[in-house]
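I set down here what I looked up in this structure, entry by entry.

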Amino acid sequence: MALPPDLEAALKDFAVRESLLVCLDFDGCVAELVADAASARPIPGNAEAIERLAQVDGVTIAYVSGRPLQTLHELASPPADALLFGSHGAERWMGPDSPGLELDTAQTAERREVLSTLESVAAEHEGAWVEHKPAGGAIHVRPIEDEVYGEAVLDEARSALAMVDGAHIKEGKQILEAVVVKSTKGEAIEELRDWTSPDAVFFAGDDVTDEQGFAVLRAGDVGLKIGQGETKAGFRVPEPSDLAAVLHRIIELRAQADSSA
Ligand SMILES: O=P(O)(O)OC[C@H]1O[C@H](O[C@H]2O[C@H](CO)[C@@H](O)[C@H](O)[C@H]2O)[C@H](O)[C@@H](O)[C@@H]1O
């Protein structure tokens with residue numbers, strides 16, 4: 001795939017910095033969106049590019065995802081030394097000493113309330129189902145064929161969740177999530193930036209929650225929106241499978257800079 005000229009120019013500047021932090025969203029970015037959430041896997045070309053990029057000196061790979069940390073480990077099979085933020089930033093893996101997510105008493109009760117609220121809505125609509133997550137839950141409507149009906153189910157869930165104390169809403173694609181820990185992908189990327197002190201940051205994502213990640217990028221960073229929709233990202237490619245070409249180009253440009261140094 002030929003990259004858009006503006007993206008190519010940005011990558012030429014980005015790829016030659018000494019240390020790089022490459023942050024990746026999972027669903028709809030590294031993996032295609034699929035009806036059965038448990039069967040999502042990295043597109044093979046993306047997986048290969050991520051593994052290769054992880055071997056390049058000065059590059060740190062991080063996943064920043066709405067998936068629970070454990071699910072992210074299982075489905076994404078990230079490179080061994082990748083840093084992981086799951087549950088929209090509420091859970092993190094920065095190495096073996098990383099503290100696990102612990103909800104306090106109020107948050108535990110709020111999570112229970114979120115899940116029972118979502119289960120009550122889902123029970124009324126065939127095809128809707130609830131994903132139980134460590135920091136809350138999500139109602140999925142992708143299996144409902146009629147998309148307008150699916151959106152109406154999400155509206156019903158949104159109204160019901162408005163009555164639940166401590167529920168922070170996350171919008172997504174054919175999904176509505178509520179988490180009881182206040183965190184965003186923007187905060188996750190800022191924490192990763194503080195932790196790794198890179199010269200520049202790359203972030204690729206496709207969804208509404210990724211916009212908070214794009215919003216914290218700075219001059220010299222590269223934000224890549226996958227697919228359609230309004231975005232704060234500076235650059236865009238049409239499909240998740242296009243990510244591989246972008247990552248390979250970073251590897252190539254870095255190798256060229258090394259060989260001419
Ligand atoms: O931040 P991400 O890594 O993009 O995760 C966001 C949510 O992704 C998952 O749901 C989405 O992908 C599913 C599988 O392709 C799809 O069936 C669903 O319609 C999408 O909304 C996941 O299930 C959630 O837990 C993540 O928060």
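**Entry 1: Cys23 and the cores**

I looked up the contacts of Cys23: not counting residues up to four places away in sequence, Cys23 touches Ala62, Val64, Ile189, Leu192, Val201, Phe202, Phe203 and Gly213. Two residues are in contact if their C-beta atoms, placed from the backbone, lie within 7 Å. I note that this is a predicted model, in which local features need pLDDT of at least 70 and side-chain atom pairs count only at pLDDT 80 or more, while totals for chains, interfaces and linings use all residues. Residues are numbered from 1 along each chain as its sequence is written.

I then looked up the largest nonpolar core, which has 49 residues; Val22, Cys23, Ala62, Tyr63 and Phe202 have the most contacts inside it. Apart from that core lies another, of 25 residues, including Ala128, Ala135, Ala178 and Val179. A nonpolar core is a set of buried Ala, Val, Leu, Ile, Met, Phe, Trp, Tyr and Cys residues joined through C-beta atoms within 7 Å. A residue is buried if 20 or more other C-beta atoms lie within 10 Å of its own, exposed if 12 or fewer, and partly exposed in between, with C-beta atoms placed from the backbone.

**Entry 2: Leu21**

I found Leu21 in strand E1. Leu21 is buried, because 23 other C-beta atoms lie within 10 Å. Leaving aside neighbours within four places in sequence, I list Thr60, Ala62, Leu192, Arg193, Thr196, Pro198 and Val201 as the contacts of Leu21.

**Entry 3: helix H2**

I looked up the buried residues of helix H2 (residues 44-54), which are Asn46, Ala49, Ile50 and Leu53. They cover an arc of only 100° around the axis, so they lie on the same side of H2; the arc is that of the directions from the helix axis to the C-beta atoms. The buried residues of H2 pack against strand E1 (20-24), strand E2 (59-64) and helix H8 (243-259). Helices (H or I, at least four residues) and strands (E, at least two) are DSSP runs, numbered from the N terminus.

**Entry 4: the ligand shell**

Which residues come nearest to the ligand? Of the 22 residues around the ligand (C-beta atom, placed from the backbone, within 6 Å), I found Phe26, Asp27, Ser65, Gly66 and Ile175 to come nearest. Strand E6 (136-140) and strand E8 (175-179) each supply at least two residues of the shell.

**Entry 5: the whole protein**

I recorded 8 helices and 11 strands. Buried residues make up 46% of the 261 residues.
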